[in-house]
Each structure stands twice: as C-alpha cells, then as structure tokens.
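Okay everyone, thanks for coming.

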Amino acid sequence: MSTAGEMITETFDYDGGRQVTVYLPAERPQAIVFAGDGELIAPLGADLEAADLPATLIAGVHRPADEALRLHEYSPGFDPRRFSAHERFFVDEVGAWVRSRFGVTLPAERTAVCGVSAGAELALALGLRHPDVYGTIWCASPGGGYRPPVTMPNSLPRTYLVAGTLEPFFLENATRWADALRATGAEVILTERIGSHGDAFWREEFPLMAAWTPGR
C-alpha cells in the first residue's frame, strides 16, 4: 500500500484570489482528477491511496464563498460570461499549472473531471465541452441547473453517475443524464444506492469511481 501523499495549496489571481488544492500522491501519478469544490474533493486523494488504487493526483479548484456565484460558475445557463471565465481558468490555467508545477502530462483517457451536486453539473459541462482533455466524468448527485443539451457532441467521455435513494431530486437528474448519454452510445454507468445528499455519501463512492477509470 502506498504511503500517504501531501496537500499543496496555491492562490491564483482569478476572481481576486482563488485557491487550488492539489493532492500529490507519494508515487508518480498514473491518473489526474480535476474537480470543483476543491477544498472538499482534493483531500479524498488519501482515500484512494488507502484503498490501494494506483497513484492519482487530484487538482481541486476551490469554490467561491457566495453560493449564487458558485452556481453561476458551475452551470452554463445562469451567467454564461461568468461560466466561460471560470471554464478558461479551470481548463486552461489550472491545467497548465499542474503540468508545469508537477511535471505530469497524461492523456485524456487517464484524466477525469469530477464534481458533486452543483459541481457535478460543472463536471458534466466541462466533460462534454472538452472531451479531448477529460476522458472520464465522475458525477455524484448532479443538480438540475444544467440538463442534457438537445444536440450532444459527437465525442463523449465515459461517465460515472451516482445518486442516492434518499435524494430523489438528484437521483432523477442523474437518471436523466444517464438516459441521454446512453441514447448517443456513450459509455455510462449509473449507480443507485441507499444514501442522502452529503459528503459521507460521496466519499464512499469516490474510490469506486477511481477504480472504474481506464488504466486501473
């Protein structure tokens, strides 16, 4: 089993000072996960190592303190200008920083974008818009602000969806996405199990998402 890695946080100029926290595994990364709500997701890298999964670097972009701004950044329909600015920061600036700072460049099939709740909407939006960057989407309990587009892209990432039986609104959203993606022929898994909306539920699923990623 791997020795635990380290947490590294850096502040960027975006939006007056936005932090990004990276979980850097003890061994050279074999996979990379980019996530919104980074203060929540990045520490889960230790869970992957405890589960004896291959070394995974997690780059988590922190959310804004204002919940309305978070929704506007994470879902393209509310404020397209703010979403686009955050998209450029997340995909381009943070991606380039990870490659430069940690010397890690991996193909799309070993790069995932991850999110929970509203962050799951962000993961879906970025995965659909950048399948050349993110080969896999990890999506837990997606909110309903971003729904499947009428016309899907020709190239779609593999998608892992999970929602709990005790969060019916989010389970409905996850099912809607699973049906829409499957209709295009995309590779999708939808896990439905007993659980409610919250960190404990998502944390239990995180290693299962990682184990499903190609190259494992």
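Let's start at Ser141, which counts as buried because its relative accessibility is 0%, and buried means under 20%. Keep in mind that this is a predicted model. You'll find Ser141 in the loop between strand E6 (136-140) and strand E7 (158-164). Its phi is positive, about 50°, although Ser141 is not a glycine. Most residues other than glycine have a negative phi. Ser117 also has a positive phi, about 60°, and isn't a glycine. Ser117 sits in the loop between strand E5 (111-116) and H5, and at 14% relative accessibility it counts as buried.

From there, on to H5 itself. The axes of helix H4 (residues 80-102) and helix H5 (residues 118-129) come within 12 Å and cross at roughly 75°, so H4 is roughly perpendicular to H5. Where do they meet? On the H4 side we have Phe83, His86, Glu87, Phe90 and Val91, and on the H5 side Leu122, Ala125, Leu126 and Arg129.

Now the inside. The largest nonpolar core has 46 residues, and Leu57, Phe90 and Phe102 have the most contacts within it. Leaving out residues up to four places away in sequence, Phe102 touches Ile8, Val22, Leu24, Leu57 and Trp97. There's also a second, separate core of 23 residues, including Leu44, Cys114, Met209 and Trp212.

Last stop, H7. Among its buried residues are Phe201, Trp202, Met209 and Trp212. And where does H7 kink? At Glu205, by about 30°, shortly before the proline Pro207.

Definitions and conventions:
Residues are numbered from 1 along each chain as its sequence is written. This is a predicted model: local features need pLDDT of at least 70, side-chain atom pairs count only at pLDDT 80 or more; totals for chains, interfaces and linings use all residues. Side-chain values use heavy atoms; hydrogens and water are left out. A nonpolar core is a set of buried Ala, Val, Leu, Ile, Met, Phe, Trp, Tyr and Cys residues joined through side-chain atoms within 4.5 Å. Buried means under 20% relative accessible area, exposed over 50%, partly exposed in between (1.4 Å probe, protein chains only). Contact means heavy atoms within 4.5 Å. The bend at a residue is the angle between axes fitted to the seven residues ending there and the seven starting there. Helices (H or I, at least four residues) and strands (E, at least two) are DSSP runs, numbered from the N terminus. Axes are lines fitted to C-alpha atoms, for helices over the stretch in contact, and angles run from 0 to 180 degrees between N-to-C directions. Angles under 35 degrees count as roughly parallel, over 145 as roughly antiparallel, 65 to 115 as roughly perpendicular and the rest as oblique.
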